[in-house]
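Hi there,

Here is the structure I promised to pass along. Have a look at it first, and then read on for what I found.

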Amino acid sequence: MRPLRTFTIQPSLPPELAPLLEIARNLWWCWHGDALDLFRRLDPQLWEDCYHNPVAQLGKIDQRRLGELAKDEGFIAHVQRVHGTMTQYLQKPGWWARTYGSTDRQPQVAYFCAEFGISECLPIYSGGLGVLAGDHLKSASELDIPLVAVGLLYQQGYFRQRLNADGWQLELFPRNDFHNMPVQLIRDESNTPVVIEVEMPGRNARAQIWKAMVGRVSLYMLDTNVPENTPEDRHITAQLYGGDQEMRIRQEVVLGIGGVRMLKALGISPKVFHMNEGHSAFLGLERIRQLMAEKGVSFDEAREVVAASNVFTTHTPVPAGNDAFEPWLIDKYFSHYWGQLGLNRDQFLALGRQDPSHGDEPTSLTVLALHLSGARNGVSKLHGTVSQKLWAAVWDGVPTNEVPVTSITNGVHAPSWISHDLAELYDRYLGPGWYEKPTDETVWKSAQHIPDTELWRTHERRRERLVAFARRRLKQQLAKRGAGVAELAAAEEVLDPEALTIGFARRFATYKRANLILADLERLARLLGNKERRVQIIFAGKAHPRDNPGKDLVRQIIHTCRKEPFAQSMLFLEDYDMNVARYLVQGVDVWLNTPLRPMEASGTSGMKVAANGGLNVSILDGWWAEGYNPRVGWAIGSGETYDDLEYQNAVESQALYDLLEKEVVPLFYDRGPDKLPRGWLTKMKATLCELAPMFNTNRMVRQYAEMFYAPCAKAWDALTADEMTRAKQLNTWKQKVRRQFPNVRIETVSDDVDASGGARVGKDLNVQAVVNLAGLAPEDIQVELYYGPLDQDGQLSDGRPAAMEQVGPDGDGRMKYTAHMPCPRSGMMGYTVRVLPRHADLGEPIALGMIRWA
């Protein structure tokens, strides 16, 4: 039955405690220990029962308890201290203002993502992508980046994992109660919810807007569960990554197109739009459409501005992981739309295709984002290289190592993941710089001064907490499945708080090979069964609801955990989330990572372990390919790739066992008279000194700001000034170049190689070229020498460009160019010459895909 009227009941707080609600509604509290302690102090059990949700806690707490606390001078002082700290944090200018001299807090950057993992009390994330996005917002807040975030608010979020008696994963979808979460519905002056509309086939879908504060950053989320919508449209924001392809395209229309319309409805006008993965790629189209309507410009002219101010980050190293929609689905959802862009069907579909002439090729959102962005990156150095190869066809004819996709390696927001007791140790020996300047290597070098005894005792306490948590969690799992008294009692004895503890927790996709360590159960049994050198393993993770091979991996591990001799030394924790992750990354000694290289784009869980002083044992993939050295952990293999998967699993599993048996376990148990593992502690300190200042999101977000946000904002200003004069001029220039560039020719190339065909080390080679400009002006092109060592096939597979200097005209529209090619070492070298278009507003000339080779 529908209610006659709806309204929200707010918590009733005594005046002395009124700041509690303000603190609770800003997720700033979730990475500040004093604030967390404040809510825990309110009612420790209720804090756990509300799953660390202070808004729900304040709504449920007994009013008598609030009355008691209002008379507690110590508690009131605690409230005032936390509130004062938060107020000061929100008002203090940060790095962006100091660097770019701007005190304007109006958002300049809009950051779009399909999921955000900020706290377990806001369950709108599934895993690494969302947690990275949440950490991005926290660091953007700390750096005072003028950024606003855009996402979807899911009624059921991602699923809660339950395991049946056979170990098979079941999915539960509890509904989120937004009114008891740290989000607020956006209303207009008349107290009516602000609503935007997006077109669906034969109808409009409406979405209301919710806001969460993440420190200084506003996160706006769209919610289609409104009475005016059809039942199918109300379900668009029901589940994260739920439903079929048609549901996915609806979600991505709402996120991309609806997100841009939402910002306009709120009066927010960012200059830069950052697409974190391809789910929001449709935003590029909507930005173009709005610019065309507002400025009366063409699609191509608007595209110049939008592409120059769009940033795209890809996270997926395999084609199958990128969303793509068949032409019929694009027809169904966009046939009304492409006319508004001044495009026909073929032109519209070409925007999302690697080969525009291929009529059946699906529309890839990654390709669409690549086409509509001027800044593109992978999320580790290795992933950047993989992405260049993966998407080389988008820029046909461009050398693979010059495909315009760079890399910014992911990081983690250290205060969100470092345990409170370790943070206190950092405060004591590193000073406040570890928090205020987390990228400062000189600050982290002070970790060497932490006494071994204090560091080890702190870590042992965290391992003990992890074991206690794992036992409680396992007991809860068993009780839900109706386990008997004996089985519940045995759960209280599982694991050893003093044993070497290995953690493996992540999404259960087959390429992550959670079962690699189970390849030789006899050898594993000997490793885990040594009473003198105890070793234990804790697994956690979810498989996607439609990923049956991933679910089978979960079941395989659970069956192994239940067997003797593994029952006391191996367990699987169900329903992996941010809360479980914190216990694991803070308490394990070793973090295990065994993906198939190069399928791990980055990975960040190992970074969280490193920030806590834990050590990594990992395949050289993702971040570990650049983070590893023998001082800070162990590498499984040397970065090899194999054609035979079965053989690869056999080789790498044996290499893993060898590492554990011969290096990891002996080092952990190498104790002196004081019972301290001095060699292990040396590695822990090296990890803090070398990895913590590099692999954090403050460094990452600063890189995004310096490499992308600031330049893209500058490009937006330049191209939109004076009624978009420069954008129009750039488009006109491109049209001219496209007409004439095919006629550009490199007519002659000469050098001063001696008659024997050789050159001398240390003596530069002089190369000259004559180019027929085909009617273009000399300033319209750049001529480059492209040189480097030859591979085994005699090809320039890793060449580098060097600009050739214009010498002067050579008659009949020709121009002469020269360059010096260095010869620093002996061996087979080669060169060629190429011509590219050139324009001051072009950005990356290589991205146009127009290259004339000699």
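Where is the kink in helix 28 centred, and about how many degrees is it? It is centred on Leu660, and the kink is about 40 degrees. Please keep in mind that this is a predicted model.

Helix 28 covers residues 645-668, which makes 24 residues. At 1.5 Å a residue they should span 34 Å, and the end C-alpha atoms are 32 Å apart, so the two values agree. At the start of helix 28, the backbone nitrogen of Glu646 has a side-chain oxygen of Asp644 within 3.1 Å. Leu660, where the kink is centred, is one of the buried residues of the helix. Others buried there include Gln648, Glu652, Tyr657 and Phe668.

Next, a pair of helices. Two packed helices are described by the angle between their axes and the distance between the axes. For helix 11 (residues 283-295) and helix 12 (residues 299-308), the angle is about 120 degrees and the axes are 9 Å apart. The crossing of helix 11 past helix 12 is right-handed.

Last, a lysine to look up. Lys512 sits in the loop between strand 15 (500-505) and helix 23 (521-528). Is Lys512 buried or exposed? Its relative accessible area is 8%, under the 20% cut-off, so Lys512 is buried. The side chain of Lys512 also makes a polar contact of 3.3 Å with the side chain of Tyr511.

Best wishes

Notes: Residues are numbered from 1 along each chain as its sequence is written. This is a predicted model: local features need pLDDT of at least 70, side-chain atom pairs count only at pLDDT 80 or more; totals for chains, interfaces and linings use all residues. Side-chain values use heavy atoms; hydrogens and water are left out. Helices (H or I, at least four residues) and strands (E, at least two) are DSSP runs, numbered from the N terminus. The expected span of a helix is 1.5 Å times one less than its number of residues. The bend at a residue is the angle between axes fitted to the seven residues ending there and the seven starting there. Buried means under 20% relative accessible area, exposed over 50%, partly exposed in between (1.4 Å probe, protein chains only). A polar contact is a pair of N or O atoms within 3.5 Å; within protein, one must be able to donate a hydrogen and the other to accept it, and residues adjacent in sequence count only if both atoms are side-chain atoms. Axes are lines fitted to C-alpha atoms, for helices over the stretch in contact, and angles run from 0 to 180 degrees between N-to-C directions. A crossing is left-handed if the near helix is turned anticlockwise from the far one by less than a right angle, and right-handed if clockwise.
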